[in-house]
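My entries are below, in the order I made them.

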Amino acid sequence: MTISIRIPAALRSYANGDGEVQVAAATVSDALRQLVDRYPSLLPHLFDASGELRNFVNAFVNEDDVRTLDGPATRVSAGDTITIVPSIAGGAGALSAEEVRRYSRHLIMPEVGMEGQRKLKEAKILLIGAGGLGSPLGLYLAAAGIGTIGIVDFDVVDETNLQRQVMHGTRDVGRRKIDSARDRLLDINPHIDIVGYETALTSANALDILAPWDVVIDGTDNFPTRYLVNDACVLLGKPNVYGSIFRFEGQLSVFWAEQGPCYRCLFREPPPPGLVPSCAEGGVLGVLPGIIGTLQALEGIKLVLGAGDAMIGRLLLFDALMMRFRELKLRKDPDCVICGANPTIRGLIDYDEFCGVPAFAAAGAADGDAVPAITVMELKQRLDRGDPLTLIDVREPHEWDIANLEEYGARLIPLGSLPARMNEIGSAEEVVLFCRTGGRSARALRQLRDAGFRRLWNLEGGLHAWSDAIDPSMPRY
Amino acid sequence: MMRRIRMPAGVIDALLGYAGTGYPEEVCGVLVGQEDDGVRHIARLAPVRNERNDERRRRYLIDANALRRIEADVAAEGLDVIGFYHSHPDHPAIPSAFDREHAWPWYSYVIVPVARGRAGPPRAWRLQDDRGAFIEETISVDS
């Protein structure tokens with residue numbers, strides 16, 4: 001059948017100036033083939049390398065877009081008109097005039113420029129944790145113009161956070177951390193979006209939560225979550241900017257399984273539970289997470305810009321007291337159970353079990369392995385009655401210096417040294433174990449129970465509860 | 001030597017009017033006219049709806065069917081689709097990287113800057129055949 005093909009003004013110079021061409025064809029594809037046979041210079045403007053009609057080109061049969069019919073196979077009849085219609089689109093630059101002013105110190109650098117700032121704006125970075133590491137991360141990523149920042153944190157701002165978590169302030173005490181973070185970051189930069197996830201990251205939700213993000217930055221402080229984040233990032237193919245701090249030392253690396261090692265290549269197994277105290281238990285110099293978190297933000301920005309050398313395959317070690325940076329080379333472990341040649345882990349596992357953490361929440365035992373507990377009221381009553389109780393404090397020496405129950409005969413056996421010093425406790429004694437809030441002493445109780453001790457009590461709520469209910473003059477810390 | 005594109009004063013007024021009214025979103029439309037001896041004359045505008053569902057403050061899209069109908073209609077009058085216009089809210093009248101990625105050679109692209117609701121002087125651009133850059137065209141007013 002003879003049909004007409006109408007050629008848009010922009011392409012007529014490739015068709016000898018013709019605006020309308022007659023061909024004999026049975027389908028659209030047939031007709032367009034004949035057109036480019038007649039005018040070969042039209043070919044690259046209509047078809048891509050694989051022979052498909054280019055994205056920016058539409059073809060209509062009479063009034064219908066062929067994509068709504070049978071595509072190139074659409075049949076045509078005598079008298080039909082095929083019209084080639086260009087797709088017309090465009091728009092302003094990614095940055096408004098205000099943003100251009102705001103980021104001028106970036107834009108004038110060739111390593112960033114408009115192109116780089118646009119990449120920062122289009123980037124989506126997820127922060128796991130809005131605490132010590134998460135604070136400088138959020139602040140500097142927001143200031144830099146990262147367009148979408150996600151934050152996973154279910155916690156509430158506590159006064160003890162303010163010594164280091166500079167994203168939050170005194171007025172935020174008691175507020176949810178994601179609310180406090182959102183307010184602070186949008187105040188720094190109203191041109192970005194903040195997405196809050198008020199939930200704990202678990203094996204059940206981690207893959208869903210991480211999936212939409214370009215870069216994941218781990219600001220957590222516990223081993224189960226570190227392994228969970230690592231595994232989820234390996235499974236999803238995402239870069240994981242790792243940072244950790246312990247007292248006066250910090251570590252930094254970028255784990256990206258496609259290009260280098262993952263966290264498991266470096267730390268195949270977690271340390272035994274209780275060996276590495278958390279910040280709450282071991283303490284931390286407040287400015288140190290500020291330094292490591294800022295370096296994590298830097299690595300996140302470098303990954304987005306594609307600038308410099310990211311810390312892939314490199315571990316930065318920082319000693320704050322000696323003021324020394326060292327670097328170790330990291331190699332991908334070919335036998336790594338998740339990112340190696342023959343991975344045995346193909347899904348998220350139970351990380352609490354993996355890390356040997358007994359499955360109890362900070363608030364108290366919630367499972368069948370509950371420990372026998374005594375409240376501070378009961379303890380005080382029994383001490384006043386003169387009951388022969390042995391009080392064992394499992395905290396650290398410097399905590400004893402802050403507050404203790406020495407007047408009631410309490411003795412200090414730090415949790416870490418309990419296995420070696422169990423023999424200082426008579427097996428016939430009735431023992432009350434306590435620590436600051438009841439967590440460590442519960443662990444101590446289980447160790448003693450496993451060793452055969454029978455008359456054991458955990459002081460519920462620890463010295464915090466004692467300070468609340470019995471002796472308000474005892475400092476809470 | 002800069003290429004020239006001529007528009008009646010009334011067309012320029014209409015252009016600024018559409019751009020200002022549409023603020024803070026991008027407006028878009030078709031330039032209808034003809035080319036004689038290398039000089040383009042815009043006879044009138046054919047405004048169309050910005051088909052983008054999102055990012056309307058910095059992106060525009062012209063419906064292909066709408067364009068097809070306009071082309072068919074103006075051909076009957078002996079005129080052509082010479083190019084397209086769109087506005088840049090709070091942004092200069094300079095084609096962006098996004099504009100360049102989506103542009104076609106040959107067409108004139110007229111951009112109207114609209115700073116805080118006030119439309120400013122439009123500028124016209126044509127994409128080089130090698131897609132490397134836009135070349136500016138001078139807009140002259142036809143009285």
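This is a predicted model: local features need pLDDT of at least 70, side-chain atom pairs count only at pLDDT 80 or more; totals for chains, interfaces and linings use all residues.

**Entry 1: where the chains touch**

I started with the contact between the chains, which takes 28 residues from chain B and 20 residues from chain A. Two residues are in contact if their C-beta atoms, placed from the backbone, lie within 7 Å. Residues are numbered from 1 along each chain as its sequence is written, while chains are lettered from A and ligands numbered from 1 in the order in which they are written.

Next I asked which elements of chain B give two or more residues to the side that touches chain A. They are strand S4 (60-62), helix H2 (64-76), strand S5 (80-89) and helix H3 (97-102) of chain B. S5(B) gives the most, with six residues. Helices (H or I, at least four residues) and strands (E, at least two) are DSSP runs, numbered from the N terminus.

I sorted that side of chain B by class and got 14 nonpolar, six polar and eight charged residues. Here Ala, Val, Leu, Ile, Met, Phe, Trp, Tyr, Cys and Pro count as nonpolar, Asp, Glu, Lys and Arg as charged, and the others, Gly among them, as polar.

**Entry 2: strands across the chains**

I found strand S6 (residues 88-90) of chain A pairing with S4(B), antiparallel, over three bridges. Strands pair if DSSP finds at least two bridges between them. Ala89(A) has Leu61(B) as its bridge partner in S4(B).

**Entry 3: a sheet in chain A**

Then I traced an open sheet of five strands, in the order S2-S1-S5-S3-S4 (chain A), with mixed pairing. Which strands are at the edges? Strand S2 (20-24) and strand S4 (64-65) of chain A are, as each pairs on one side only. S4(A) pairs with strand S3 (residues 57-61) of chain A in the antiparallel sense over two bridges, and Val61(A) has Asp64(A) as its bridge partner in S4(A).

I also checked what packs on this sheet. H2(B) does, touching S3, S4 and S5 of chain A, and its direction makes about 115° with that of S5(A). Helix H2 (residues 28-38) of chain A lies across strand S1 (2-6), S2, S3 and strand S5 (81-86) of chain A, running at about 120° to S2(A). Axes are lines fitted to C-alpha atoms, for helices over the stretch in contact, and angles run from 0 to 180 degrees between N-to-C directions.

**Entry 4: two helices in chain A**

I looked at helix H7 (residues 134-144) of chain A against helix H13 (residues 287-305) of chain A: they pack at about 40°, with axes 7 Å apart. The residues of this contact divide into seven nonpolar, seven polar and no charged. Among those in H7(A) are Tyr140(A) and Leu141(A), and the H13(A) side includes Gly293(A) and Ile301(A).

**Entry 5: one proline**

I found Pro343(A) in the loop between strand S14 (324-329) and helix H14 (351-354) of chain A.

**Entry 6: chain B overall**

Last, I counted three helices and nine strands in chain B. Of its 143 residues, 45% count as buried.

Technical notes
A residue is buried if 20 or more other C-beta atoms lie within 10 Å of its own, exposed if 12 or fewer, and partly exposed in between; C-beta atoms are placed from the backbone.
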